[in-house]
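Good morning, colleagues. Please look at the sequence and the structure on the screen as I go through the charged residues.

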Amino acid sequence: MVQQQQQQQHRIYILQFRKGEPEQEVSCKVSTPKGAGAGRRVMYYYHDYGGGGGGGKNGKPAQSRAFSLRRFLAMLLLSLLCVGTLFVAPVSFLSFVHCDDGGAEAALATATRAGPAGPCSAVRNDSICCDRSSERADICFARGDLRMHSASASFLLVSGNSTAAGEEERIRPYTRKWEANVMATIDEVRLRRVAPGDEAARCDVRHDVPAVLFSTGGYTGNVYHEFNDGILPLFVTAHHLRRRVVFVILEYHDWWITKYGDVVSRLSAFPPIDFTADRRVHCFPEVIAGLRIHGELTVDPARTPEGKSIADFRWLLDDAYRGRIQFLERLERQAARKRHRRGTVPRAQLAPPRHAASHQDRPRLVIVSRTGSRVIENEADVAAMAADVGFDVRVIRPDRTTELCKIYRELNASDAMVGVHGAAMTHFLFMRPGKVFIQVVPLGTDWAAGAYYGEPAARLGLRYVGYKILPEESSLSREYPTGDPVLTDPAGVAQRGWDVTKKVYLDRQNVRLDLVRFREELVRAHQYLVAGRRRLPRASV
């Protein structure tokens, strides 16, 4: 029996697909996971220990506990290492032990913290608690013998507590609670207390870490909502668990995992579970259903277990994309060497890319270009003017197929970003604190531009500039007569409802920037950046 189970154990490497690269440098074997979700290829590498039933942890089948010489020697070696570490660096060792052991009781204690005395601030074993106090999102916690039963859209708390028999909580784990229309599209999941017996489904896979359940439905597909409603709340809810958590996803999308796998893998060391498609019974010691959200593209340190802020999220992005960026740079150097051998590229370009520009270099400005609506009609003139001011100008045109890592790489290396209000402005999160973000604000978008992007950018530490266009800079001035409320009173027009605002100001408006007026903003931004560079040597002394 033991030999048969050992034969089931195998290592699977899953390779990211649709990255659009002509050549891939990989050092892993591609295999297809068995069971639910077969054929899916996502950007994770993990251990899969077969689909055998019964007992092990984190997907491992139960193995014989018979004592062997190999096990004895391994335990002896581990003991010697631990004792030696205690003598050499006892403080560091104890700190390590504390962190690694935080996946159970300590993890839930911090996970459930909602403030000094918030709802569900202390969840006991064999209990279910839901915090519905937030206007933005509900979140539920359960602790005990919890079993995922996707066939009934439930997590079952197997309990012998007869006094709480039949206890049930329901939740739609998405962070736009106040929008009834979108919440109606999110699947509902039940947390149910059941007695041991036939209703308590037998465990197929056991995990010794918590599960976090959330949905990638709703407005997923829009990059602003993907970060605001999903990725940032996921960071808030799970970062302190130090990757010792399994994500269980409703409305699972392969493309979402491909797009955000770099980031998700920094929050969880385990493969995500497709709640609907995976019909195995996964068993957990704890479940967190739903995510906490603090506001628009932000992290409030006062409301996170370890005082984390949006700057910590920014560092996580650095960690997530570093390896991929280094790989892309390696490919570029290889391509440059090939072109050099053919005599088509100067030797100077063979050096590694320098993202940290020297003080003598021109500040880099990235224009995030749009297509469709809210286009900068004189974009080429704006780019030429920015170059004349003293910027090294780059224009990027991201779309849904653009790899996030490439956008991150460009903006992380930039000193300033210019773009028209819209979901793509979410990418200000990729900029380094102290840089400049200039958002062109079309007519009728003042509030949204400030609340969704301007204020969060300032909290990240960016120098935010909201360039509010004049009526004559809007394409609507060619559509409506001078003095029309559409041009003179956008706030009044907005009172007619969101549909009118969207149709008039978002879907049908382009901008033609006043070059003299906009140049003043670029000059101020350039002066600010150059002055900052001049201060760097004195600050480092």
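A residue is called buried when its relative accessible area is under 20%, exposed when that value is over 50%, and partly exposed in between. Lys259, with a relative accessible area of 19%, is therefore buried. Please bear in mind throughout that this is a predicted model.

The protein chain has 541 residues, of which 48% count as buried. Its secondary structure comprises 15 helices and 17 strands. If we take the contacts between residues at least 6 apart in sequence, 74% of them join residues at least 24 apart.

I now turn to the salt bridges. How many salt bridges does a search of the whole structure find? The search gives 36, and I shall discuss a few of them.

Let us return to Lys259. Its salt-bridge partner is Glu226, and the closest N and O atoms are 2.8 Å apart. Lys259 belongs to helix α7, residues 254-264, and Glu226 to helix α6, residues 223-238, so this pair ties together parts that lie 33 residues apart in sequence. Glu226 has a relative accessible area of 2% and is therefore buried. Lys259, at 19%, is buried as well.

The next pair is Arg533 and Asp415. These two residues form a salt bridge in which the closest N and O atoms are 3.0 Å apart. The pair links distant parts of the chain, 118 residues apart: Arg533 is in helix α15, residues 515-540, while Asp415 is in the loop between α10 (404-412) and β15 (416-420).

Glu479 and Arg508 meet through their side chains in a salt bridge, at 2.2 Å from N to O. With a relative accessible area of 42%, Glu479 is partly exposed. Arg508 is also partly exposed, its value being 32%.

Salt bridges may also involve several residues. Arg132, Asp138, Glu169 and Lys177 are linked in a network of them.

Finally, let us move to the surface. Arg337, Lys338, Arg339, Arg341 and Arg342 form a positive surface patch. One of these residues, Arg341, lies in helix α8, which spans residues 310-341. Arg341 counts as exposed because its relative accessibility is 63%.

To close, I would ask you to keep two places in view: the salt bridge between Lys259 and Glu226, and the positive surface patch that includes Arg341. Thank you for your attention.

Technical notes. Residues are numbered from 1 along each chain as its sequence is written. This is a predicted model: local features need pLDDT of at least 70, side-chain atom pairs count only at pLDDT 80 or more; totals for chains, interfaces and linings use all residues. Side-chain values use heavy atoms; hydrogens and water are left out. Patches are made of residues with over 30% relative accessible area and no salt bridge: like charges are joined within 9 Å, nonpolar side chains (Val, Leu, Ile, Met, Phe, Trp, Tyr) within 5 Å. Accessible areas come from the Shrake-Rupley method with a 1.4 Å probe; for residues, only the protein chains shown count as cover. A salt bridge is a side-chain nitrogen of Lys or Arg within 4 Å of a carboxyl oxygen of Asp or Glu. Lys and Arg count as positive and Asp and Glu as negative; His and the chain ends are not counted. The place of a charge is taken as NZ of Lys, CZ of Arg, CG of Asp or CD of Glu. Helices (H or I, at least four residues) and strands (E, at least two) are DSSP runs, numbered from the N terminus. Buried means under 20% relative accessible area, exposed over 50%, partly exposed in between (1.4 Å probe, protein chains only). Contact means heavy atoms within 4.5 Å.
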